[in-house]
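Biologist: I have not looked at this chain before. Could we go through it in short questions?

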Amino acid sequence: MAVIPYEKTDVVDVAWDGNAMKANLKSNDIKNFLKAYAWYDETAPDNDKDGFPDAKSAWKFIHHMVDADGNAKEANITACRNAIAFLNGAMNGTNIPVHDIQGVYNHVAQHLKDANIEPPTLKRSATINDKETRTFHLNAEVRAVQVDDTTQQTKIVGYAAKFNQQSVDLGFFETLDRHCFDSTDMSDVVALINHDENLVLGRTTSGTLTLKVDDIGLYFEVIPSNTSYANDLIENMKAGNINQCSFAFVVADNGDEWQYDDKTGVMTRTVFDIAKLYDVSLVTYPAYTQTEAVLAQRKAQNMKEEIEKQKEKELLKRKLQIELELV
């Protein structure tokens, strides 16, 4: 585990200069690294005899004062607040693994509590370890991209999730119950590419993403932002390179049911109650394979031509009826 366990220390409310504190730390002084930081990259090269990385770049969330001799001292209130801000996405956020976010938050939040300060809320989720954002995120299809008659806006539409369809093998097989979204918090949902929070296509709070639950599943429409990555996505969809989607969610307490088949060794999960929906995403590799996404540019002129063709058919039909009546 790369989260450094919390240890009670004094807490100070003084000016904070994170770069200066890092500079004060002596190279390879792992003992003080473990005191100063809240997380380290366990996959980084480890030249230290105890197996810890010796490069400062492998350590994150410094929040302790470090004196000129390189000794880690008190936790700093501003540094702890800054760490939580990064966890919540400030300054492009952090790229540490999702499963470590709660641990880092608990560490720095406890220092604030020691100073009788209520820590900021972890906005990603109060139970971030329960957030399921695997690229299996439940079966979806993008069925069309339409252009409005007047504005000619491109829309990506389809299903981000479908009920009663089995996922691919995730170590278990999963399906969604028809009523799993009945009480889901969808107050602030974003449309993303591959669940990357830096690649935003639309958002419910801005009106660029709309969601609807029907008998099939979770339906969405998104008007993609006029960005290079959104345009690249559209081109990839035209080429058929990306044609499926998924979603990120948290299951409510007691919101799922697990079963194990002793004969086959297969574990299955049925999700009955999703507490919160975080995003719907166009993905390269979804977990449910029954659906596909299709990008179809339909300009206003094409739509008008279809209407005209239908009118011509109706006129021809009426003409034939009149001729038959005259015979």
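Biologist: Which residues of helix H3 (residues 77-87) are buried?

Modeller: The model is predicted. A residue counts as buried when its relative accessible area is under 20%. In H3 the residues that count as buried are Ile77, Ala79, Cys80, Ala83, Ile84 and Leu87.

Biologist: At the start of H3, which backbone nitrogen does a side-chain oxygen of asparagine 76 reach?

Modeller: The two atoms lie within 2.9 Å. The backbone nitrogen belongs to threonine 78.

Biologist: How many aromatic pairs are there, and how is the pair of tyrosine 40 and phenylalanine 52 arranged?

Modeller: The count comes to 10 aromatic pairs. For tyrosine 40 and phenylalanine 52, the ring centres are 5.4 Å apart and the planes stand at 75 degrees. Planes over 60 degrees apart count as edge-to-face, so this pair is edge-to-face.

Biologist: Where in the chain do these two residues sit?

Modeller: Tyrosine 40 is in strand E2 (residues 39-40), and the pair links distant parts of the chain, 12 residues apart. Phenylalanine 52 is in the loop between E2 and strand E3 (59-60).

Biologist: Is tyrosine 40 buried or exposed?

Modeller: Its relative accessibility is 11%. The cut-off is under 20%, so tyrosine 40 counts as buried.

Notes:
Residues are numbered from 1 along each chain as its sequence is written. This is a predicted model: local features need pLDDT of at least 70, side-chain atom pairs count only at pLDDT 80 or more; totals for chains, interfaces and linings use all residues. Side-chain values use heavy atoms; hydrogens and water are left out. Buried means under 20% relative accessible area, exposed over 50%, partly exposed in between (1.4 Å probe, protein chains only). Helices (H or I, at least four residues) and strands (E, at least two) are DSSP runs, numbered from the N terminus. A polar contact is a pair of N or O atoms within 3.5 Å; within protein, one must be able to donate a hydrogen and the other to accept it, and residues adjacent in sequence count only if both atoms are side-chain atoms. Rings of Phe, Tyr and Trp (its six-membered ring) pair if their centres lie within 6.5 Å; planes under 30 degrees apart count as stacked, over 60 as edge-to-face and the rest as tilted.
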